[in-house]
Amino acid sequence: MLIENFVQKIIANTDYLEMDRVYLFNRLQALVGDGDVEEQASGEDSLLQLVDLAVKRSKIPDDVTSREILADQLADFLTPAPSKVNGLFWNKYDQSPKAATDWFYDLSTHNNYVKKAAIAKNIVFSGKSSYGHPLEITINLSKPEKDPKAIAAAAKKKDTDYPKCDLCLENEGYLGDYGKNARSNLRIIRMNIGGEKWGMQYSPYAYFNEHCIFLDQIHEPMVINQQTLINLLEIVKTFPHYMVGSNADLPIVGGSLLSHEHYQGGGHRFPMMNAPVKKKLTFAGYPQVKGGIVDWPMSDIRLISQDTEALIELGTKIIKSWQKYSDPGLGIVAESENVRHHTVTPIAHKDGDEYVLELVLRDNSTSSDYPLGIFHPHQDKWHIKKENIGLIEVMGRAILPGRLKGELGEVKKYLLGQDNQIAEIHLPWAKQLQAKYYAAINEENVDQLLQQALLDIFDQVLADAGVYKNDAKGEAGWQKFLTVIAAENK
């Protein structure tokens, strides 16, 4: 029986006991309706069957939001209380940091907070661009489309400021509503970072392996400064098997959520982390720090040392130098009309016994030619990528919109000379590909050619976002800025 079997699953996987069976059965009936039913023979997940049953019995409306809220309520029965989760996590941390994160990630997937089934729908591939950089592409199909019923209901509903945003600690156990994400089964690990109270959770629609979020327990805006570097390196000390980084703290070059201080980390090795140094750097007063300009489309200074205090001190000096540095000949302007334009995207990770700090220079200036940003994807790439270039993409993993799955299918038909409904925005690009690969395109190689074309565009997108281009002018610009750093470091 469906409800009875789910009760058995709860008892088998939690601290509930046999004595709790009647109580649990009645709690579930309150959510999905009275009376048990046979489980479907298809073997479909019992949790989803319970949601379907609640819809059939008119316990919830048949829309995406209501289904997600109930699914998370049911999953919450399979999840220990936050205090219990935290106790188990830190007990396992005594064994090893990886043992703790392995356990917590396993919990977050088994209780369906991390939507593995949805994430599996994403299109993911990797390769080298024609410019020589290894890159990764993801077409994001995991997040459900907005339900028209939910949008209409949200428009009639009075909004509240609780929780203030999707990252606030107050989301833990929050039921959710139209316009507010369901979080009944969310658990957050409490920890201290940089002397302040923070939390760690996994991302429900992960963009990479063990994609986690470190969040300030206070709702306050993003900022990049010395404390950021202290925090990032402390996280890497705590979880040496994870990388961690911060989106920039300015619009255009920052992430999509600048109102809440947070970082992103996880167990993925991004292409930029493997990129070689093209120019070695040394810094007076810091003989223990190895430095270099990374061979990458974006402008990255890499600092390596076992001495985290030296990394923090030198990194802070570089950030402060960049914040006030201008080179108008290259369109690099630190400030205009009392508005700051310069910041960095900082990333920390560990290689062996050495700590690595990556400082990617960012500039959010605009112009009449580039109203969305001079160092932002340029208009000829908007058919593929128009959104901001954030932390994950800086490191070489593209997050492309789900619309591309269908649109690229029509581009494929166009290249094969088949009847198609190619979008107007893709037509110039498709004609370029047709001319480039004329007579070589066939059913066997068209998918590979399209993948290569996407890798090439993503490489160009990153180059657009780089303040110093990989050309003679860019090299000269780097040298001018490094001279300023050296002068200020004396």
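Predicted model: local features only at pLDDT ≥ 70, side-chain atom pairs only at ≥ 80, totals over all residues.

User: What volume does the second largest pocket have?

Analyst: The second largest pocket has a volume of about 1300 Å³. Its lining is made of 48 residues, and the closest to the centre are Leu47, Ala71, Asp72, Asn111 and Asn112.

User: Which elements give two or more residues to that lining?

Analyst: They are the helices H1 (2–13), H2 (21–32), H3 (46–56), H4 (64–76), H5 (82–93), H6 (97–110) and H7 (116–119). The largest share, seven residues, is contributed by H4.

User: And how do the lining residues divide into nonpolar, polar and charged?

Analyst: There are 22 nonpolar, 10 polar and 16 charged residues in the lining of the second largest pocket.

User: Let us turn to H5 and H6. At what angle do they pack?

Analyst: The angle between H5 and H6 is about 145°, and their axes are 6 Å apart. On the H5 side, the contact is made by Val85, Leu88, Phe89, Lys92 and Tyr93. H6 brings Pro97, Ala99, Ala100, Thr101, Trp103, Phe104 and Leu107.

User: What classes of residue are in that contact?

Analyst: The contact of H5 with H6 has 10 nonpolar residues, one polar and one charged.

User: New topic: Gln29. Is it buried or exposed?

Analyst: Gln29, which lies in helix H2, counts as buried because its relative accessibility is 12%, and buried means under 20%.

User: Which residues does Gln29 touch?

Analyst: Leaving aside residues up to four places away in sequence, Gln29 touches Ile3, Asp34 and Gly35. With Gly35 there is also a polar contact: a polar atom of the Gln29 side chain lies 2.7 Å from the backbone nitrogen of Gly35.

User: Now Thr316. Where is it found?

Analyst: Thr316 is part of helix H11, which covers residues 308–323. With a relative accessibility of 7%, Thr316 also counts as buried.

User: What does its side chain reach?

Analyst: The side chain of Thr316 reaches the backbone oxygen of Ile312 at 2.6 Å. Not counting residues up to four places away in sequence, Thr316 touches Gln226 and Leu229.

User: How many Å separate the C-alpha atoms of Thr316 and Glu337?

Analyst: Those C-alpha atoms are separated by 25 Å, and the two residues are 21 residues apart along the chain.

Key:
Residues numbered from 1 in each chain as written. Heavy atoms only, no water. 1 Å grid on protein atoms, 1.4 Å probe; cavity = no way out; pocket = protein on both sides within 12 Å on 5 of 7 lines; lining within 4 Å. Points joined across faces, edges and corners; volume = space filled by probe spheres on them. Helix = DSSP H or I, 4+ residues; strand = E, 2+ residues; numbered from the N terminus. Nonpolar A, V, L, I, M, F, W, Y, C, P; charged D, E, K, R; others polar. Buried < 20%, exposed > 50% of the residue type's maximum accessible area, 1.4 Å probe, protein only. Contact = heavy atoms within 4.5 Å. Polar contact = N/O pair within 3.5 Å; in protein donor to acceptor, adjacent residues only side chain to side chain. Axes fitted to C-alpha atoms, helices over the stretch in contact; angles between N-to-C directions.
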